[in-house]
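Good morning, and thank you for coming. Please look at the sequence and the structure as I bring them up.

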Amino acid sequence: MLVTLLEQGLWRHPGAQVLQDVMPWFQDPLMFPGSLDRMRFENGSMDLFADDAPLSQLFRVTRGSRADRPVDLPWLDAERAVFIAVNRDPGDDVALALDYRTDLADPRVVASDFWTNPSQCSWRLVAPTFTQLLTVLGLTDRARAGIDRNRSVHTAGSRHRGQPAASRPCPVTGHG
């Protein structure tokens, strides 16, 4: 659904009050990337955080494939997450992310929290599913309409034809 929203120009900032209602602890302004290329660019920092030990500890971002036990909140698994909104102001280093550890088709949504403990980030639940976040943002019907249109257009000759959605690489990060 996110790719559809990006393609249709519908993935936009919903307004400060809407975000405040959804994430009352969140204090810094967010920027919603308006294109797949911009979203890919913004997600590059997640690899940086996960692969540098001090940054990994500060931002609580790691790689599940390297962990000796399952990675769960308040940590983010860089291999199973996608930033969907990031800090508007340089240096704030905050984000909203899809967390695919719960569901590949409709992941939960989490956000960084540096305000509860300013010395270390914690990832907190925003919505149990991306669909629920879209409902709060008023985008559910438009996203579903776009998906239905895209299915009818891309069904014939799709390069992913016959391949289950769960095995396709993420269009943002390239992770499988």
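First, the basis of the values. This is a predicted model, in which local features need pLDDT of at least 70 and side-chain atom pairs count only at pLDDT 80 or more, while totals for chains, interfaces and linings use all residues. Residues are numbered from 1 along each chain as its sequence is written, and side-chain values use heavy atoms, with hydrogens and water left out.

The protein chain holds six helices and seven strands. Here helices (H or I, at least four residues) and strands (E, at least two) are DSSP runs, numbered from the N terminus. Read from the N terminus, the order of elements is α-α-β-α-α-β-β-β-β-β-β-α-α. Of the 176 residues, 42% count as buried; buried means under 20% relative accessible area, exposed over 50%, and partly exposed in between (1.4 Å probe, protein chains only).

Let us now consider the interior. A nonpolar core is a set of buried Ala, Val, Leu, Ile, Met, Phe, Trp, Tyr and Cys residues joined through side-chain atoms within 4.5 Å. The largest such core has 29 residues, and those touching the most other members are Trp-11, Met-23, Ile-84, Leu-96, Phe-130 and Leu-133. At least two residues each come from helices H1 (2-7), H2 (16-22) and H5 (130-137), and from strands E4 (81-87), E5 (95-99), E6 (108-113) and E7 (122-127). H5 gives the largest share, four residues. Apart from this core lies another, of 16 residues, including Phe-83 and Trp-123.

Contact means heavy atoms within 4.5 Å. Leaving aside neighbours within four places in sequence, Ile-84 is in contact with residues that include Leu-2, Trp-11, Phe-32, Met-39, Leu-98 and Phe-130.

Next, helix H3, residues 36-51. Its 16 residues reach 23 Å from first C-alpha to last, close to the 22 Å expected at 1.5 Å a residue; the expected span is 1.5 Å times one less than the number of residues. Which residues of H3 are buried? They are Met-39, Glu-42, Asn-43, Met-46, Phe-49 and Ala-50. These cover an arc of only 110 degrees around the axis, and therefore lie on the same side of H3; the arc is that of the directions from the helix axis to the C-beta atoms. In general, an α-helix has 3.6 residues a turn, so residues three or four places apart point the same way. The face of H3 turned away from its buried side carries the exposed residues Asp-37 and Phe-41. The elements against which the buried residues of H3 pack include H1, helix H4 (53-59) and E4.

That brings us to the strands. In E4, seven of its seven residues are buried. Two strands pair if DSSP finds at least two bridges between them. E4 is joined to E1 by two bridges, and the two strands run antiparallel; Leu-30 stands opposite Asn-87 of E4. E4 also pairs with E5 in the antiparallel sense, over five bridges, and there Ala-81 has Asp-99 in E5 as its bridge partner.

Finally, Leu-98 is placed in strand E5. Leu-98 is buried, with a relative accessible area of 2%. Not counting residues up to four places away in sequence, Leu-98 touches Leu-2, Ile-84, Val-109 and Phe-130, among others.

Thank you for your attention.
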